[in-house]
Amino acid sequence: MRSRLGTNWLVMLLVVLGTLFILFPLYMTVTIALKNPEQMAQSVFAIPTTLHWENFASAIDMTNFFQSFRNSAMVTASTVVLTLLSNSMVAYAISRNMEKRKFFKGLYYYFVSAMFIPFPIIMLPIVKLTSSLEMTNLLGLTLLHTVYGLAFNVFVYVGYIRSIPVTLEEAAFVDGATTWGTFWRIIFPLMAPISATVGILTCLSTYNDFLLPLVIISDPSQYTLPLVQYVFQGQFNTDFNLAFASYLLALLPMIIIYLFAQKWIINGVTQGSIK
Amino acid sequence: MNKRMAPYYWMTVPAVVLFFVFMTLPAIQGIYYSFTNYNGFGKQYDFVGFKNYFNLFRDDNVGNAYWFTFKFAIVVTILTNILSLLIALGLNAKIKFRNFFRGIYFLPNILSVLIVGYIFNYLFSNVFPIWGQNLGINALSTNILGSESLAWIGIVIVAVWQSVALNTILYLAGLQTISPTLYEASSIDGAGKWREFWSITFPLIAPFFTINMVLAMKNSLMVFDQIVALTNGGPGRATQSISHLIYTGGFEGGEYAYQSANSVIYFIVIAVISILQIRFLQRREMDL
């Protein structure tokens, strides 16, 4: 029984060794971003003796970082807001009526079955469609992210709404509340925990997405952060320090958010995936 | 009553319209184009029936892409699940700074796959070879991404490095659902650690095993970002995945209709594998 109470030092050692595997690529990213080519020539691994912050200035200049950061932030924020407002509403209508009405039940399976559709099957037609609708911009990107999240989000939301007692809404109806009023004032606030989960998952997948912006966005002023790294890759080939400064800048916003909201993010992702 | 019901219908209308226009319609269009010889631009094309589909089965590039993708997905799924289960057991044991370590191990999951790929690309080409030379290991002293037979292993390493994060956290959630009293009872009965794992831990986290297998398999069958960042499908076409082939052939190779047929097959393959996996693993859950 004693082994269950004290620290298990062997496991502790293995866990620490494991973190080295996780942290090594990140250590390399930070140190390379702060070195210059001469320091690299001496040793690739060493901690930099003098810090070359100018790598970041050049990377910001070269990739137009602030513009692409603004693009990524705008698409991510508006996708999250739009997703929370619209997907929760659809899921509410479905979950409260799917037992009684075939229409809503059919709708549920219609949406959820899209979870199995791999993006490449719609990739080619969607490019033609968005360009004919003049949607090859950030607005189009936001709308598509919101629509493509629907399958999974409806699935997660419906599962959660079923656990909210219907009696609350019936009481509201008796008091004269409309269906809309009931949704916005009673159900939507009650869904806060699952909305946090959906919001976190949407934020992560939208911010890090590469393929959708790659096929949709053509105007360089609308590039998102991952797309910029891809486009500039050829020019970085001669200067790794600059490239890594640029990678670090693109990764940093999410890392900072993660440092502050770590517990929520882990819980949110866990709940979303298990549903 | 109608006054109550009407808003429910209105709540679904925008989503149904958008979902139909941007999801169902393109999917139908993709199937439609797969029976033509359309090249992706212009307006001229003819119907060719199942010709694209017959040609797919004789195409070496398609065969290669499916072979690479399956080999990659199976290896990644197995490695990811073994490693993440081990890490989850470690993070669930009595250790210090448990939450700190959980935070570190989950970190790779929040990073952009493309950028992680670029970082590893540099490590493979400039850092690991130095170790290989210093240690005198031949296999490590050159860039494995440049080798036709080894490049896929490089992509496996990057994919596993990143996907272990999510699966670990899910296994951890599973381990926390197990009541400690079960372990106390088994230790009174004199069960060893090994027996305890196979008789208690593993059966009780069976649903989490199912989720993790399905998630890891589905994600790795769709591999794209890592390919772009690490090898761009090369050397030759040694590491070209199915989605990468559809992308390059469809947009750059003038094979719009042909790759549409490929994506229809790809969709059927993914759907069938996911359904079989869920059925098989859930039946296993019951038996345990």
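This is a predicted model: local features need pLDDT of at least 70, side-chain atom pairs count only at pLDDT 80 or more; totals for chains, interfaces and linings use all residues.
Modeller: Residues are numbered from 1 along each chain as its sequence is written, chains are lettered from A and ligands numbered from 1 in the order in which they are written, and side-chain values use heavy atoms, with hydrogens and water left out.

Colleague: Why is A:His145 called buried?

Modeller: Buried means under 20% relative accessible area, exposed means over 50%, and partly exposed lies in between (1.4 Å probe, protein chains only). A:His145 has 12% relative accessibility, so A:His145 counts as buried. A:His145 belongs to helix α8 (residues 138-161) of chain A.

Colleague: What is A:His145 in contact with?

Modeller: Contact means heavy atoms within 4.5 Å. Leaving aside neighbours within four places in sequence, A:His145 is in contact with A:Val75, A:Thr79, A:Thr206, A:Asp209 and A:Leu212.

Colleague: What makes A:Leu249 buried?

Modeller: A relative accessibility of 13% makes A:Leu249 count as buried. A:Leu249 is found in helix α14 of chain A. Not counting residues up to four places away in sequence, A:Leu249 touches A:Phe56, A:Ala59, A:Ile60 and A:Phe65. A:Leu249 and A:Phe56 are 193 residues apart in sequence, but their C-alpha atoms are 7.8 Å apart in space.

Colleague: Is B:Gly192 buried, exposed or partly exposed, and why?

Modeller: B:Gly192 has a relative accessible area of 38%, so B:Gly192 is partly exposed. B:Gly192 sits in the loop between α7 (180-188) and α8 (193-204) of chain B.

Colleague: Why are α11(A) and α14(A) called oblique to each other?

Modeller: Angles under 35 degrees count as roughly parallel, over 145 as roughly antiparallel, 65 to 115 as roughly perpendicular and the rest as oblique. The axes of α11 (residues 192-208) and α14 (residues 240-274) of chain A cross at roughly 140 degrees and come within 9 Å. The two helices are therefore oblique to each other. Here, axes are lines fitted to C-alpha atoms, for helices over the stretch in contact, and angles run from 0 to 180 degrees between N-to-C directions.

Colleague: Which residues of the two helices meet?

Modeller: Among them are A:Ile200 and A:Leu204 in α11(A), and A:Met254 and A:Ile265 in α14(A). The residues of this contact divide into 11 nonpolar, 4 polar and no charged. Ala, Val, Leu, Ile, Met, Phe, Trp, Tyr, Cys and Pro count as nonpolar, Asp, Glu, Lys and Arg as charged, and the others, Gly among them, as polar.

Colleague: What does B:Ile110 touch?

Modeller: Not counting residues up to four places away in sequence, B:Ile110 touches A:Leu204, A:Asn208, A:Met254, A:Ile255, A:Tyr258 and A:Ile265.

Note on methods
Helices (H or I, at least four residues) and strands (E, at least two) are DSSP runs, numbered from the N terminus.
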